[in-house]
Amino acid sequence: MDILIAAILTIITAATPLLFAALGELVTEKSGVLNLGVEGMMIMGAIIGFVTVHHTGSASVAIIASMIAGAFIASIFGILVLKFHARQVPTGLALTIFGLGLSALIGQSMIGVAYTGIPKLAIPGLASIPVIGNILFNQDGLVYLSILMVIVVYWFMNKSRAGLILRAVGDSHDAAHAMGYSVVKIRFMAILFGGAMAGVGGAYLSLAYSPLWVEGMTAGRGWIALALVVFASWKVGRVLLGAYLFGGITILQLHAQALGIGIPSQVMSMLPYLATILVLVFISRDKTKIKLNSPASLGKPFHESR
Amino acid sequence: MIKKIISSVAIATCLTAAGIASAETKVGFVYVGPIGDHGWSYQHNQSRLALEKALDVKTSYVESVPEGADAQRVIRQLAADGNEVIFTTSFGYMNPTLKVAKRFPKVKFEHATGYKRSKNLSTYSARFYEGRAVLGAIAGKMTKTNTIGYIASFPIPEVIRGINAMTLAARKVNPDVKVKVVWVNTWFDPGKEGDAAKALIDQGADVITQHTDSPAPLQVAEKRGVYGFGQASNMKSFAPKAQLTAIVNNWDKYYIDRVKAAQDGSWASIDTWAGIKDGMVTLAPYGDAVPQDVRDYADSVKASIVDGSFHPFQGPIKNQKGEVVTKEGETIGDGELAKMGWYVEGVDGKIPK
Amino acid sequence: MLPRLIKRQTPSASMVYLSPVLALLLTLAASIVLFLMMGVSPASALHAFFVEPISSGYGLSELMVKATPLIIIGVALSLGFRAGVWNIGAEGQLILGGIFGGATALFFYEKTGFYIIPLILIMGIVGGMLWAGIVAFLKTRFNANEILTSLMLSYVAALLLNLLIHGPLKDPDGFNFPESRLFSDSALLPILYDGTRLHLGAVIALIAVGLGWILLSRTLLGYQIKVIGDAPAAGEHAGFSPSKIIWITLLISGGAAGLAGAIEVSGPIGQVLPNISPGYGFAAIIVAYVGRLHPFGVLLSGLLLALSYLGGETAQIKLNLPVAVTGVFQGLLLFFLLASDVLIHYRLQLSKEVV
């Protein structure tokens, strides 16, 4: 039982960066833009967050800085795609490559620097509830923020007028334009939001998860986040599920090894990726369902006709 | 008159030649990771700096060189640039180094942790397992849950030797100790290494150790309030309370000796496998958590390795099935150690095949 | 008044060729700024990056060795990208090709014969096609997004190679090191120039460029690819089968990546290792775009990107510049190219003229 609780705690931390990045990308994609640069935005958030906490000592300032960094680099993508009409797929890839390279460059001076990590924020009273107290109420601040963002994004997308407009833009940008909404502005905001969320997801890695700086420390999580959005059929609640599922498999395979299970470690390490493919296939095979949930204008460039 | 000209030309030539000969020796280093990894490559670089201080040399290095087709080009470039001695510090550089050594017979190559040599290619490695034995002694005495967590990279002989040496030493003082191993399939990935540490700690390990390069496992140990050991370099700054000690690689003397030999012409192709006695494997100062009696015991283990009265792989040794593979009074020889591919009793799990 | 972009009546042909040049110039300018910010002399940095690596015959040979896999994969990827099929998993397909080709070489370890090398290369193609075929199947049958499936499979492929190299492919006399036997001479690609590593793969790369061009400009398939990419509705209307295009482009790019993998193991590496590619499958994506998805362009961009890799190493050795500069350069190049491409379909309007 103890092992299970401990494992769940670890899974929550493993899922958190994925959750942030996937939520951000969900909003971006719902507005009709496919941003493949999540990995690049995450890692920029990671390095800027780390540099900031190193120089200012304040985790809160570092988190804000990482959001700004993610949004800033996302804005490059936004300008290229929305103003310069560049194709979204290669531009997103360029963002990833650029982000990885730039972060490595900035991070040269941060290699080998120690940081103790964000402190845990135990919610007084609730944290001492046996079993679930530790799991639910004794996490670091960013974990709480990630859950909060799930609620915020859900409310925004499904209950707010602004979210409705954003979805309209994603489903049919020509119709939205005809109704007088600025497609470009709305998409740009969505892209910035996606960048900010990816940035804080990356910062979670360097500030809390393994408080170090290492080149490429996102290790493909940005791509997993992209998969999670499709996996979740663009539904907010499912993103939460997917992030914890993926994080779970990643951690559980290590536990299986520690328990002495005889399957080769390489095969165990494959499980998260194979699971992602399987679920992707399962979800995608229902063409109608996908069509219902995916923004119809996803990836299609918007040409304002005058 | 002509004789005078000839002799002065001769003298001038000799002086010039002497001048060239006393010019700085160029030495090149190829690292597989970033020097900031605070582990394997970091320590090699520290020794490079020590070399620069000790001798009249000009060193250069290339970091994060991937093992594979690119390595050969980098090594060759160092050779073509006039480096007289080149250190390639990862076993995956073995064949590329060999190929370049063939083309540059006048350059002296030193390959770490490999097994192929040629007239101008030496190999060197450290008996890290001796350090692991000391770690095992400490861990065996300090664990309360009798579970040691081992974060391992790849199932190569060196890593397996380390696991075995630690297990044997720990069980010598504490026969109930179990060692749980998680293979992360990377030398350097803080996220994964940390995850593995968490999984091991979740499963009851209260002392962890690693054969990977980042301080992430120790950071986890620090956060969780368990103990751990630093790897390849002193990682105390990352885990002031958790680190009991660390194995610190020290290549200083070896690098200085080899370059000196190249300079004075006595260099020859050798195979070096040195340990604590020769100062290649050192241990960081004990952490505050290590009580005096454990320190004394660890020191005695160290001393007995140095004076030869104790070998980390001396019998009796049982394998995982419980069979005695090495009898009392015998020792596993270097040849067997070099290709070790099996676990001793006390290690949980199977080696990935 | 910010310059506005006005759509052109017809795409500008001259900009198609000028925009990469413009992008390169902008990238160089940005690099100069970057070097200045890093406190390095831009002149020596640019020299180390772009001039030094190719200032010797050996350097040129190494350039081609490095560019070979990039070109082969780049040509094939550009076909798929034109058709809107996003194969992001060429790296995994390359690895499978390396596994299949390498296993073949090891199987014939004690034999000699001229058939061995072609067999290795064919098996490499088969391996890559197999891996890409999974992606094609999942997309056509289950509508699974190929970006994600191909990418996930890349991770799986890397782990598979790791598994095999610690097991059946391991050299039995190799002290349990995870490396395969060194290939025998009849399994190694012949060297074209003695003293260099320039091997037959370079010729194969040039052939690939030629074949790609023929396919694109002279065959019905090439035509279909172009139409489906530019005007998918028109393509479907004309009866071009998207499913067929998906399969064919994925098999071609997978096979090419597999071929590149086999070439790498039987060429410059000469054995199977846990790591046979420093990311060629991903770099080839950049190569394809910078080459404007055209085989001749890919040839040039492959050489350019190979140069940037070599330059990164030289800059590290000579100036202690971190390797990361290469990644920044490549990212910038792609950004500027994508931005400059806008000038093909739009023109800048700087004055306040009435439209």
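Leaving aside its neighbours within four places in sequence, which residues is B:A242 in contact with?

Author: This is a predicted model, in which local features need pLDDT of at least 70 and side-chain atom pairs count only at pLDDT 80 or more, while totals for chains, interfaces and linings use all residues. Residues are numbered from 1 along each chain as its sequence is written, chains are lettered from A and ligands numbered from 1 in the order in which they are written, and side-chain values use heavy atoms, with hydrogens and water left out.

Once neighbours within four places in sequence are set aside, B:A242 touches B:L218, B:A221, B:E222, B:V226, B:Y227 and B:G228, where contact means heavy atoms within 4.5 Å. The residue sits in the loop between β9 (227–230) and β10 (243–249) of chain B; helices (H or I, at least four residues) and strands (E, at least two) are DSSP runs, numbered from the N terminus. With a relative accessibility of 1%, B:A242 counts as buried, a label that means under 20% relative accessible area, whereas exposed means over 50% and partly exposed lies in between (1.4 Å probe, protein chains only). The C-alpha atom of B:A242 is separated by 9.0 Å from that of B:D288, although the two residues are 46 residues apart along the chain.

In strand β10 of chain B we find B:N249, which is buried at 3% relative accessibility. Beyond its neighbours within four places in sequence, B:N249 contacts B:W40, B:Q43, B:F128, B:A232 and B:M280. Elsewhere in chain B, a cis peptide bond with omega of about 5 degrees links B:G315 to B:P316, and B:P316 belongs to the loop between α10 (292–306) and β13 (317–318). In general, most peptide bonds are trans, and most residues other than glycine have a negative phi.

Backbone angles also deserve a look in the other chains. A:W234 is not a glycine, yet its phi is positive at about 60 degrees; this tryptophan is in the loop between α10 (221–231) and α11 (236–258) of chain A and, at 7% relative accessibility, counts as buried. C:N143 likewise has a positive phi, near 65 degrees, and is placed in the loop between α5 (116–142) and α6 (146–165) of chain C, but C:N143 is partly exposed, with a relative accessible area of 27%.

Helix α1(A), residues 2–30, has 29 residues and reaches 40 Å from its first C-alpha to its last, close to the 42 Å expected, the expected span being 1.5 Å times one less than the number of residues. A kink of about 35 degrees lies at A:A15, shortly before the proline A:P17; the bend at a residue is the angle between axes fitted to the seven residues ending there and the seven starting there. Of the 29 residues of α1(A), 24 are buried, so this helix is largely enclosed by the rest of the structure, and α1(A) is followed by A:G32, whose phi is positive, near 105 degrees. Helix α9(A), residues 183–209, has 27 residues and reaches 37 Å, close to the expected 39 Å; α9(A) bends by about 25 degrees at A:A203 and is mostly covered, with 21 of its 27 residues buried.

In chain C, helix α12(C), residues 295–319, packs against helix α3(C), residues 57–82, at an angle of about 135 degrees, with their axes 7 Å apart. That angle makes α3(C) oblique to α12(C). Axes here are lines fitted to C-alpha atoms, for helices over the stretch in contact, and angles run from 0 to 180 degrees between N-to-C directions; angles under 35 degrees count as roughly parallel, over 145 as roughly antiparallel, 65 to 115 as roughly perpendicular and the rest as oblique. Helix α11(C), residues 280–290, also packs with α12(C), at about 130 degrees and with the axes 8 Å apart, and these two helices are therefore oblique to each other. Their contact is made by C:A283, C:I286, C:V287, C:A288 and C:V290 of α11(C) and by C:V298, C:S301, C:G302, C:L305 and C:Y309 of α12(C).

Lastly, C:D341, in the loop between α13 (324–340) and α14 (342–345) of chain C, counts as buried at 14% relative accessibility. Apart from neighbours within four places in sequence, C:D341 is in contact with A:R87, C:S19 and C:R292.
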